[in-house]
Amino acid sequence: MSKPKGRRSKIGAPAAVRHLGRSPRTGRVPKLLPALFPTETCGGRDIDPTFPEDVNRVFVPEGSYAIAPGERAALLDRNEYQREVVASEDHAHFAGCAVCGSDVPDDDVSAVRCATCPRSFHRRCLGSRASSSSSGRCAGCERDSSVGAEEDIVRTAGDAIDGRIARAYGKYAGEADHETVCRMLSDALAIVEKLIVYNFGYVFSVEVDTVGIPDYLKIVRRPMDYGTITRNLINGQYAPQEAQEGPGSTNDGTTAPTTISPLDSVLLQVLSDVEQVHHNCSLYNRKGSNYGRAGEVHGRKWRGGPGPPPR
């Protein structure tokens, strides 16, 4: 894979999830007053689980946190994506052509812009491929949801563990699963390094500029980026945790408890942090924006799953 092309001056410094100047136009539906919603009752008793204090809390997958009443209006106004129905195409794509890297002007009516991802193309750069897809998706979307032969990481039992991982976690050599986990950590490091140089990878490879984006930490409570993950791996910052039981599965599809070893917990921390990068992007950015779409591209590449239907 090659590093993404394009003039970064058009899309800002390589800090994740930065919006460009204009706000997207959106189509909205009117919001109903709470009194118009039906209540949940049983035997004449109101059992609605929502409490008044929930109104001033922000709920995220990691839990929830309280906000000052004065911040609520500002947060709701900032997070308009929660009320979007139709996302505008404004800023849905990056300015650089995904083939040649030069600018694709907003007023270029001949330009080709993917219906799913943030890639833009000069029609001359696509040639006969410009109208090959009836879905409006570009060829890049196919690559996003698969692993090419040049991208695959094929490791056999005889392959050496990455020297950086061996040095960082050599002190745990006495653990029974040390070699197996270190091979898996070597694979994880290789995958993250490939994500860094994949399309739009530079967006997620550095810490978010929270000075330039002052409201970021009000919405994202645990920032994470690929660069931090690789440094933590290479420097052995992921520390083993005590063995614990977690959910597992058997060959017949039923669940059964399984023991997560201390070194297994290191691998789980790495996988969780990669997911955190993509989660933070979707949490902060408007759905359908160029940065939001870039996060979806990396989420699909990481999981190897299909993309969303074109809008």
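This is a predicted model: local features need pLDDT of at least 70, side-chain atom pairs count only at pLDDT 80 or more; totals for chains, interfaces and linings use all residues.

A residue is called buried here when its relative accessible area is under 20%.

The protein has nine helices and ten strands. Buried residues account for 39% of its 311 residues. Among contacts between residues at least 6 apart in sequence, 67% join residues at least 24 apart.

Helix H7 covers residues 226-234. Of its nine residues, seven are buried, so H7 is largely enclosed by the rest of the structure. The buried residues are Tyr226, Gly227, Thr228, Ile229, Thr230, Asn232 and Leu233. What covers them includes four helices: H4 (163-169), H5 (178-197), H8 and H9 (290-303).

The two ends of H7 can be described in turn. At its start, a side-chain oxygen of Asp225 comes to within 3.0 Å of the backbone nitrogen of Gly227. After H7 comes Gly236, which has a positive phi, near 65 degrees.

Next, the packing of H7 on one of its covering helices. Two packed helices are described by the angle between their axes and the distance between the axes. Helix H8 spans residues 262-284, and its axis comes within 10 Å of that of H7, with a crossing angle of roughly 165 degrees. An angle over 145 degrees counts as roughly antiparallel, and H7 and H8 are therefore roughly antiparallel to each other. The crossing of H7 past H8 is right-handed.

Which residues of H7 and H8 meet? From H7 they are Tyr226, Ile229 and Leu233, and from H8 they are Val270, Asp273, Val274, Val277 and His278. By class, this contact has six nonpolar residues, one polar and one charged. An α-helix has 3.6 residues a turn, so residues three or four places apart point the same way. That spacing can be followed along the H7 side of the contact, from Tyr226 to Ile229 to Leu233.

Asp273 deserves a separate look. It lies in helix H8, where it takes part in the contact with H7. Is Asp273 buried or exposed? Its relative accessible area is 3%, and under 20% counts as buried, so Asp273 is buried. The side chain of Asp273 makes a polar contact of 2.7 Å with the side chain of Tyr238. Apart from neighbours within four places in sequence, Asp273 is in contact with Arg222, Met224, Ile229 and Tyr238. Of these, Ile229 is also one of the H7 residues that meet H8.

Notes. Residues are numbered from 1 along each chain as its sequence is written. Side-chain values use heavy atoms; hydrogens and water are left out. Axes are lines fitted to C-alpha atoms, for helices over the stretch in contact, and angles run from 0 to 180 degrees between N-to-C directions. Angles under 35 degrees count as roughly parallel, over 145 as roughly antiparallel, 65 to 115 as roughly perpendicular and the rest as oblique. A crossing is left-handed if the near helix is turned anticlockwise from the far one by less than a right angle, and right-handed if clockwise. Contact means heavy atoms within 4.5 Å. Ala, Val, Leu, Ile, Met, Phe, Trp, Tyr, Cys and Pro count as nonpolar, Asp, Glu, Lys and Arg as charged, and the others, Gly among them, as polar. Buried means under 20% relative accessible area, exposed over 50%, partly exposed in between (1.4 Å probe, protein chains only). A polar contact is a pair of N or O atoms within 3.5 Å; within protein, one must be able to donate a hydrogen and the other to accept it, and residues adjacent in sequence count only if both atoms are side-chain atoms.
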